[in-house]
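Here's a quick briefing to read with the model open. Have the sequence handy too.

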Amino acid sequence: MSNIISTITELLSSGFGNLAAYLAAHVLLCLLPAFYIAGAMTALIPKEIVTRYLGRNTPKFISYPAAAAAGFLLAVCSCTVIPLFAGIHKKGAGLGPAITFLFVAPAVNILALTYTGTVIGLDLALARLILSIAFGIGVGIIMALIFSKEDAEHDKKTDAMFKGQARMRPAAIGFLLLLVALLIVGTFQIAPLKQVYLQFDLPIQGADRLQEFLYALVPFDASRGEEGVTVQGAVLIAMLGLIGLASWKGLENIHDGFNAWTWIATGLVGLTLIFASLGLSPQAGYVQVLLTGKFFGVLFSTLALVWMLRFKLTQDEIRDFLWETWKFVKQIFPLLIAGVFAVGIIRGLIRPEWVQALAGSNTILGNFIGVVFGVFMYFPTLVEVPIAQMFLDLGMHRGPLLAYLISDPELSLQSILITASIIGKLKAWVYVGWVALFSTLAGLLYGAWVDGTSIWLVAGYLAAFMAFLFVIFALIEGKKKTASRAG
Amino acid sequence: MIEIKVLGSGCANCKKLEQIARKVVATMNVDAQVEKVTDFNQIAEMGVMSTPGLVINDEVVSSGRIPSEEEITEWVTSANES
């Protein structure tokens, strides 16, 4: 009995430890700006910028890349993905580009990419981006070829809804670029940003004892890649809580007008970011403060953002921007916290040997297992990332890991059902089959690159595979045409 | 009678818009009916590609954003007059 209790306590503390370490270490400088970028993209980018290339009469070599771009730029929220998918399919460029859009959208959204990049590594985030776009276009073209007959019959009415000519205001573009700059200086680990330019000591007593207390409170095992909670991290967690509270008061009813809490919440976010970029190390009797390139970068971009918010954006833009950001936070953050906590617990239960035996090397089976796990397990947005990190720590190869990361947000029972209601059951399941195949392939290719195969050879494999598919489909098409002519 | 349709699934913005639309109708005290459209094929038929969309008497007045109460009041007033 006491054994069971001690096991449960151990698992719970492992869960809390994981959560605290995540909030303190990873979340702030990457996720906060990423949420703001997602909000700004939704609020400030008019969809006509991309959708005008998705009309029925646009040449294919423009509409497919445009669909991929739309997936990246417009589809941060499911509010946009499904209606835009239905619109492109029914009234616009047709099934192919619609499928490309549907494939690219969940895989490369800015939140997921940033998070993957910070937690697991930039190479994996880039592989996720590049392979998703390449395979998204591939799957779109294949689907259009398989169902070319039905596709020709669909709605022949006007494509007036793809004629919009909106432009982005220069101020909005500048604001978005500043946010991206903030994200980059906050997360990239490059020399000029890590360089210490100034340092001084603050006479604060007891910080070192607090640090020891925190390390004792949240035990961690550095050899397993775990991180403890620092004093700075603890302060940041408290500030995050305050931001949440102020946002609830100031942003929840933003459509009734701005109030003091709106500005308190926004100001707190700025302060938190700047504080998070400081290098603090508690010593006996004082706290050493290090000002790095990162600190100055974050400071300047935050100040510039505040200035733009105050003087350059319109009331409507600010309201939409803050609301969209808050909406994402509200939608995603609680689930992410629950997910990270659960991952911390589960990690104590899975034996590394199991993972290593199933997907420890870059094999077809290993990649396929990654995909199957991704399809049957449905995790809320972003939770797939801490789960992926857990598998990585437990010995999963990076190839199958990518296969899992591409297929998980792509395919879930829910998204398959919605897709089926728009394009029909047969097409939806054919699509699922292709996504499974392509995710496996993406994992294999990336895994081969990780194992040392040259990038050109990998690109060659990719090109050869695509060429093979096209030849097959061209042959089928040719046969169909001959048959229809004969008949 | 004025027919107001809110287009969109269960996403946060769509619920918000429905809530605001109902509030406007209640405060204006006009003969209006607020209806929710969730079927994406129907939404695409109306030419709306980003939800939430707002349709007043079969005319799409906004899509992809949450209009303010004043805007909605204005649209409903002009629909009421015509």
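What follows covers a sheet, a helix and the contact between two chains. Keep in mind that this is a predicted model.

**The sheet in chain A**
- Three strands of chain A make an open, antiparallel sheet, and their order is β1-β3-β2.
- The edges belong to β1 (196-202) and β2 (279-283) of chain A; each has a single partner strand, so one side of each has no neighbour in the sheet.
- From one strand to the next, the twist averages 20°.
- β1(A) and β3 (residues 286-292) of chain A run antiparallel and are joined by six bridges.
- If you want a spot to look at, F200(A) sits opposite V289(A) in β3(A).

**Helix α12 in chain A**
- This helix covers residues 231-251, 21 residues in total, and spans 29 Å from its first C-alpha to its last, close to the expected 30 Å.
- Its buried residues include V231(A), L236(A), L240(A), I243(A) and L251(A).
- Looking down the axis of α12(A), the buried residues stay within an arc of 165°, so they line one face of the helix.
- That pattern has a simple background: an α-helix has 3.6 residues a turn, so residues three or four places apart point the same way.
- On the other side of α12(A), you'll find A238(A) and G241(A) exposed.

**Where chain A touches chain B**
- Here 18 residues of chain A are in contact with 19 residues of chain B.
- On the chain A side, α4 (78-91) and α15 (315-347) are the elements that give two or more residues.
- α4(A) gives the most, with ten residues.
- By class, the chain A side has seven nonpolar, six polar and five charged residues.

Methods: Residues numbered from 1 in each chain as written. Chains lettered and ligands numbered in written order. Predicted model: local features only at pLDDT ≥ 70, side-chain atom pairs only at ≥ 80, totals over all residues. Pairing = 2+ DSSP bridges. Helix = DSSP H or I, 4+ residues; strand = E, 2+ residues; numbered from the N terminus. Axes fitted to C-alpha atoms, helices over the stretch in contact; angles between N-to-C directions. Contact = placed C-beta atoms within 7 Å. Nonpolar A, V, L, I, M, F, W, Y, C, P; charged D, E, K, R; others polar. Expected span 1.5 Å × (residues − 1). Buried ≥ 20, exposed ≤ 12 C-beta atoms within 10 Å, placed from the backbone. Arc of directions from axis to C-beta.
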